[in-house]
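My notebook is open and the viewer is loaded.

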Amino acid sequence: MQVIRRGDRGDAVVEIRAILADLALLADRPPATVDAVYDAVFDAPVERAVRAFQQARGLTVTGDVNEETWRAIDAARWHLGARVLSHAQPEPLFGDDVRELQERLLELGYDLGRADGIYGQRTAAALASFQREVGLVPDGVCGPGTMNALRRLGRKVVGGRPTLLRETEKFRAAGTALVDKRIVIDPGHGGGDPGIHVQDGALRWTEAYIAYDLAARLEGRLAAAGMRVHLTRGPAPREPLSESGRASLANELGADLLISIHLDGHANPWASGVATYHYGQYGDAGLTSTLGERFAALVQREIVVRTAMRDCRTHAKTWDLLRLTRMPAVRVEAGYLTSREDRNRLIDPLFRDRLVEAIVAAVRRMYLPAESDVATGSLDVSNLQAVGAAGG
Ligand SMILES: [Zn+2]
């Protein structure tokens, strides 16, 4: 879709305004301006409301409505109980009401994976189990009767965070050896989308190219350690891939881990450093992937220690790739292509090897039992297979 931004007008703006006002992010229009023209303008207050919305949802704060923000705004119009929820094919229902229901079911201990706001097969099955246990017809349809049952139970205090415990259990149960673990490496952009790109004299550097090169190096190292490695794209895909497409690929492969490789860019040439992102939402601890957070922290620290790049830290985000994947997933922004210092390092193949070595160490440490974990920067990744075998 086309990005809707400040100065735009039209029906889409009317809709965005109405939903943001409903969320109390946008004050009512002044009484003197009761006309449709006013509603149809994307003005400064709308931009402020969009920013506040993006901030609250863990989206990238841009002030304009891109596809991801639109989907979140569109989902926000639904409050739990306002419509009947059921598993629809081929277009499943999507909305904040679905997510709220999923969170309630997760709190109650039903296994439906991640609260992704999509009413899929697993959500319907979890709801049916709930219905069976409270003596309702287990049809997987959330109507008024089921809503009443949920209300009667009241809001349970979230203590155990079942979804995270389950994610952790599954990960631990898989064992500490790297051999046969499935990892998906996702080089960002590609297929006509260069990502961040800069002209440096006669040379043109693109994020898509460097991300792929890093991914290919990482693939070699991890495959040599016995991992099953998949890349989401080749060096020159015919078409750009959506973030949700990349997420479903990782889900279909049943990946144990996912790492997405990007570079950053900024109008300010002094902006530099490395940052990592994991799935999570501010103000709602129940929605944070602890394993994702741990993986992100390990990648971040290993890179910072081994490359001395500036530490732009680890952050929680609800980006599609992180939200829709069912395994610990991390996106690393491995330096600013727009920073001369970062760029000079990134275009050096030896530096890229060092960067990849840091990620390999982080992957390895994800599988080390807590008690045998080692200090950052100290893990020798030159002979991983031996380490993996010794670790069992
Ligand atoms: Zn990127």
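**Entry 1: the largest pocket**

I wanted to know which element gives the most residues to the lining of the largest pocket, and it turned out to be α4, with four. Good to keep in mind: I'm working with a predicted model here.

The space in this pocket is about 970 Å³. I counted up the lining and got 35 residues, with N66, E68, H189, E243 and R331 closest to the centre. Besides α4 (67–75), the elements giving two or more residues are α10 (243–252), β5 (257–264), β6 (274–279), α12 (320–324) and β8 (329–336). So much for where the lining comes from; next I sorted it by class. The lining residues split into 13 nonpolar, nine polar and 13 charged.

**Entry 2: the second largest pocket**

How much space lies in the second largest pocket? I noted about 530 Å³. Its lining has 21 residues, and those nearest the centre are P92, D116, I118, G120 and R326. Three helices, α6 (121–133), α10 and α12, each put in at least two residues. Here α10 gives the most, namely four. By class I wrote down seven nonpolar, eight polar and six charged residues.

A reminder to myself about the method: rolling a probe the size of a water molecule over the atoms shows where empty space is left.

I then asked how many cavities of 30 Å³ or more the structure holds, and the count is two. The largest cavity has about 200 Å³ of space. It is lined by 17 residues, and A72, F94, D96, R99 and R323 sit closest to its centre. Helices α4, α5 and α12 each supply at least two residues of that lining. Again α4 comes out on top, giving four residues to the cavity lining. I sorted this lining too: five nonpolar, four polar and eight charged residues.

**Entry 3: helix α6**

Which residues of α6 are buried? I listed T123, A124, A126, L127, A128, F130 and Q131. Among what covers them are α5 (96–107) and α7 (144–153). Just past the end of α6, G135 has a positive phi of about 80°.

**Entry 4: helix α1**

The buried residues in α1 are V13, I16, R17, I19 and L20. After this helix comes A24, with a positive phi near 65°.

Is R340 buried or exposed? R340 is in helix α13 (residues 340–346). Its relative accessible area is 52%, and the cut-off for exposed is over 50%, so R340 counts as exposed. Leaving out neighbours within four places in sequence, R340 contacts D200 and P269. D200 is 140 residues away along the chain, yet the C-alpha atoms of R340 and D200 are 9.2 Å apart.

Next up was E302, in helix α11 (residues 290–307). E302 counts as buried because its relative accessibility is 0%, and buried means under 20%. What does E302 touch, not counting residues up to four places away in sequence? I found A358, A361, A362, R365, A375, T376 and G377.

**Entry 5: the whole chain**

Last, I zoomed out. The chain's secondary structure comes to 15 helices and eight strands. Of its 392 residues, 50% count as buried. I also looked at contacts between residues at least 6 apart in sequence: 69% of them join residues at least 24 apart. The accessible surface is about 18000 Å², and carbon and sulfur atoms account for 53% of that.

Notes. Residues numbered from 1 in each chain as written. Predicted model: local features only at pLDDT ≥ 70, side-chain atom pairs only at ≥ 80, totals over all residues. Heavy atoms only, no water. 1 Å grid on protein atoms, 1.4 Å probe; cavity = no way out; pocket = protein on both sides within 12 Å on 5 of 7 lines; lining within 4 Å. Points joined across faces, edges and corners; volume = space filled by probe spheres on them. Nonpolar A, V, L, I, M, F, W, Y, C, P; charged D, E, K, R; others polar. Buried < 20%, exposed > 50% of the residue type's maximum accessible area, 1.4 Å probe, protein only. Contact = heavy atoms within 4.5 Å. Areas by Shrake-Rupley, 256 points an atom, 1.4 Å probe, with all protein chains shown as cover.
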